[in-house]
Amino acid sequence: MKTRSVALGLLFLGLGSAAHASYVGGNPLNSIDPTGTNQLVIAGGQINGSYNVFGHVGNAVTGAGVFSYGNDTNLGSGVQSYITSQMALRNQVVTFIPTSPAQDQAALAFYALHPGRNSVGYFDNCAARTNQALNAAGVPTQDIPFPGGLSRDVGSIPGSQQFFIPQGGPIPQGLLNILPGFEPH
Amino acid sequence: MNTASKLIVGAIVLIPVLYLGSCGVITHQHEKSFAQVHDGDTEAQVIQVMGEPTDRETPSNRLAKYGAPECQAPCVQRLWYPNKLSLAGEAWSVELDGAGRVVHTAHITSP
């Protein structure tokens, strides 16, 4: 059952092989400026035994924490603690997207208009909310309303890089290096 | 269109309608009950309004399937009321402190 669930989670996340994970696992990310402004899209696969077959997705903004709607996570909370908490439950794919300070401010302005951490539903769901924030920031997406599709979509943005985190960890070192920049000030 | 075809078409139309209707009814009933639960209520009051929970979570026994953050102090127990027809994992949670009083409630819509 667990194997099936993991396979489904990987399917929704668009990760069909372990080779992909090994590709991102040891990436030193020399091209990422850890002091710059950037965003993360954090997508999680299906949880074993969960009623939710679609997975979950949230967004993190430089210096402002994580914005994960619908799973009772405080908006603007710590990014590494969030990823670690989710890591106990599911596989994750974290996509790094280079952005400008103005883009980050636009995303935060969007989130300020949506202060309810569980204020999403079937159609205006976690993926839709993340898409809307990215679009508000001028990051083009295809508005795919599913976590896995959104994760694949943002993975094709020029300059983006993806990290695979298997359930139980570990968090790739390249991602650990840049996470402090996303913690809330 | 013969009778068999009509039955098949009818079933194709009816099944989604029944599913969505049932799912909506469950959501509405839980929402209505959940609105009557407030911080400070006792566990007995919660159960009187919401019914017996489907699951009980404790800090040492995290229920992964709900996808929520850990039950942490002052939470010593979390009562779960899932909408079992929801493909998105909709659920309602009520957190109780050591005195058995409600300290936090949440309507999970995307675990």
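Predicted model: local features only at pLDDT ≥ 70, side-chain atom pairs only at ≥ 80, totals over all residues.
Which residue has its backbone nitrogen 3.4 Å from a polar atom of the side chain of A:Asn118? The residue is A:Asn71.

## Chain A in outline

Chain A has 185 residues, and 53% of them count as buried. Its secondary structure comprises seven helices and five strands. Read from the N terminus, the order is α-α-β-β-β-α-β-α-α-α-β-α.

Contacts across the sequence can also be counted. Take those in chain A between residues at least 6 apart in sequence: 70% join residues at least 24 apart. The chain exposes about 7400 Å². Carbon and sulfur atoms supply 61% of that area.

Helix α3 of chain A covers residues 79-87. Its buried residues are A:Val79, A:Tyr82, A:Ile83, A:Ser85, A:Gln86 and A:Met87.

What do these buried residues pack against? Their partners are strands of chain A: β1 (38-44), β2 (56-61), β3 (65-67), β4 (92-98) and β5 (161-165).

## Around A:Asn118

A:Asn118 sits in a loop of chain A, between α4 (101-112) and α5 (126-136). Its relative accessibility is 17%, so A:Asn118 counts as buried, the cut-off being under 20%.

The side chain of A:Asn118 reaches two backbone nitrogens. One belongs to A:Asp72, at 2.8 Å. The other belongs to A:Asn71, at 3.4 Å. Leaving aside residues up to four places away in sequence, A:Asn118 touches residues of chain A and of chain B.

## Cysteines

How many disulfides are there over all chains? The count is one. It joins B:Cys71 to B:Cys75, with the sulfurs 2.0 Å apart. The angle about the S-S bond is -90°, and the link is left-handed. Both B:Cys71 and B:Cys75 are buried.

A cysteine of chain A is also buried. A:Cys126 has a relative accessible area of 4%, so A:Cys126 falls under the 20% cut-off.

## A nonpolar patch on chain B

Chain B carries a nonpolar surface patch of about 400 Å². The residues that make it are B:Met1, B:Val9, B:Val13 and B:Val17. Where is B:Val17 found? B:Val17 lies in helix α1 of chain B, which spans residues 3-34.

Technical notes: Residues numbered from 1 in each chain as written. Chains lettered and ligands numbered in written order. Heavy atoms only, no water. Patch = residues over 30% accessible without salt bridge, like charges linked within 9 Å, V, L, I, M, F, W, Y side chains within 5 Å. Areas by Shrake-Rupley, 256 points an atom, 1.4 Å probe, with all protein chains shown as cover. Salt bridge = Lys/Arg side-chain N within 4 Å of Asp/Glu carboxyl O. Helix = DSSP H or I, 4+ residues; strand = E, 2+ residues; numbered from the N terminus. Buried < 20%, exposed > 50% of the residue type's maximum accessible area, 1.4 Å probe, protein only. Contact = heavy atoms within 4.5 Å. Disulfide = S-S within 2.5 Å. Polar contact = N/O pair within 3.5 Å; in protein donor to acceptor, adjacent residues only side chain to side chain.
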